[in-house]
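Trainee: I have a new structure to look at today. Could you help me learn to read it?

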Amino acid sequence: MLRLFLANINDYRDELLNSLTSEQIQKANKYKKIDDYKRSVLSSYLLNYVLYFHQVKNKNIVYNLYNKPYLESKEIFFNISHSKDYIICATSSFDLGVDIEYVRPMNQLVIDKCFSEDEKNFIKTDEEFTKVWTLKESYLKMLGCGVSSKLNSFSVIKNNEVTCIDDYNLISFKLDNYHLSVCYKKHEKLQINYLKLDISLT
């Protein structure tokens with residue numbers, strides 16, 4: 001089962017700090033801007049909630065060469081993304097990638113440098129530009145290599161439609177003024193959960 005857990009910084013409350021570790025609080029305190037601080041707190045809370053939801057026993061997190069986090073036990077796989085007000089954490093029994101972006105203006109330099117011919121032909125609007133970007137990001141985040149790979153070396157669009165890549169499926173949908181994309185195993189069902197902040201995770 002592929003699950004998406006969503007939170008919004010407008011739901012932030014100071015009581016959430018009670019469910020964070022000292023390391024997570026220290027990380028959040030490094031941010032000077034209040035919205036960055038809230039995103040950090042909520043990202044940590046969301047991850048803690050997800051591990052609690054899945055009843056993960058070994059919560060030790062390790063990182064690959066490109067700083068992608070994994071559970072050392074591999075009881076589940078997760079990936080986190082945030083943009084402006086929204087934070088999302090995706091979970092699965094298989095490795096995956098997720099990206100969310102507020103709709104951004106088209107950037108011709110990025111299109112020329114980073115997108116395939118099929119993707120260039122598909123993009124006519126700011127929304128389509130953002131959609132393609134999040135699809136490509138989700139695939140790279142699934143691979144765990146980030147933008148270290150050449151973005152124009154693969155295509156997420158074929159015949160003006162979102163296409164699968166290897167054994168992975170790509171989906172994208174609109175959420176308010178955001179585009180959210182996920183790269184995951186083809187046979188998994190999707191479930192979306194908007195997180196109700198219960199404060200305590202004990």
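**Reading the sheets and cores**

Mentor: Let's begin with an open sheet of 4 strands, ordered β4-β5-β1-β11, with mixed pairing. Two strands pair if DSSP finds at least two bridges between them. Helices (H or I, at least four residues) and strands (E, at least two) are DSSP runs, numbered from the N terminus.

Trainee: Which strands stand at the edges?

Mentor: β4 (77-83) and β11 (190-194) do; each has a single partner strand, so one side of each lacks a neighbour in the sheet. From one strand to the next, the twist averages 15°. Axes are lines fitted to C-alpha atoms, for helices over the stretch in contact, and angles run from 0 to 180 degrees between N-to-C directions.

Before going on, a word on the source: this is a predicted model, where local features need pLDDT of at least 70 and side-chain atom pairs count only at pLDDT 80 or more, while totals for chains, interfaces and linings use all residues. Residues are numbered from 1 along each chain as its sequence is written, and side-chain values use heavy atoms, leaving out hydrogens and water.

Trainee: How many bridges join β1 to β11?

Mentor: There are 5, and β1 (residues 2-8) runs parallel to β11. Leucine 6 has tyrosine 194 of β11 opposite.

Trainee: What about the other sheet?

Mentor: An open sheet of 3 strands has the order β6-β10-β9, with antiparallel pairing. Its edges are β6 (97-102) and β9 (168-175), each with a single partner strand, so one side of each is without a neighbour in the sheet. Between β6 and β10 (residues 178-185) there are 6 bridges, and isoleucine 100 has leucine 180 in β10 as its bridge partner. Helix α5 (residues 126-143) lies across β6, β9 and β10, at about 155° to β6.

Trainee: Which residues have the most contacts inside the largest nonpolar core?

Mentor: A nonpolar core is a set of buried Ala, Val, Leu, Ile, Met, Phe, Trp, Tyr and Cys residues joined through side-chain atoms within 4.5 Å. Buried means under 20% relative accessible area, exposed over 50%, partly exposed in between (1.4 Å probe, protein chains only). The largest core here has 23 residues, with Val41, Leu42 and Leu46 having the most contacts inside it. β1, α2 (34-53) and β5 (86-92) each give two or more residues, and α2 gives the most, 9 residues. A second, separate core has 21 residues, including Phe115 and Phe154.

Trainee: And the chain overall?

Mentor: The protein chain has 5 helices and 11 strands, and 48% of its 202 residues are buried.

Definitions and conventions
Contact = heavy atoms within 4.5 Å.
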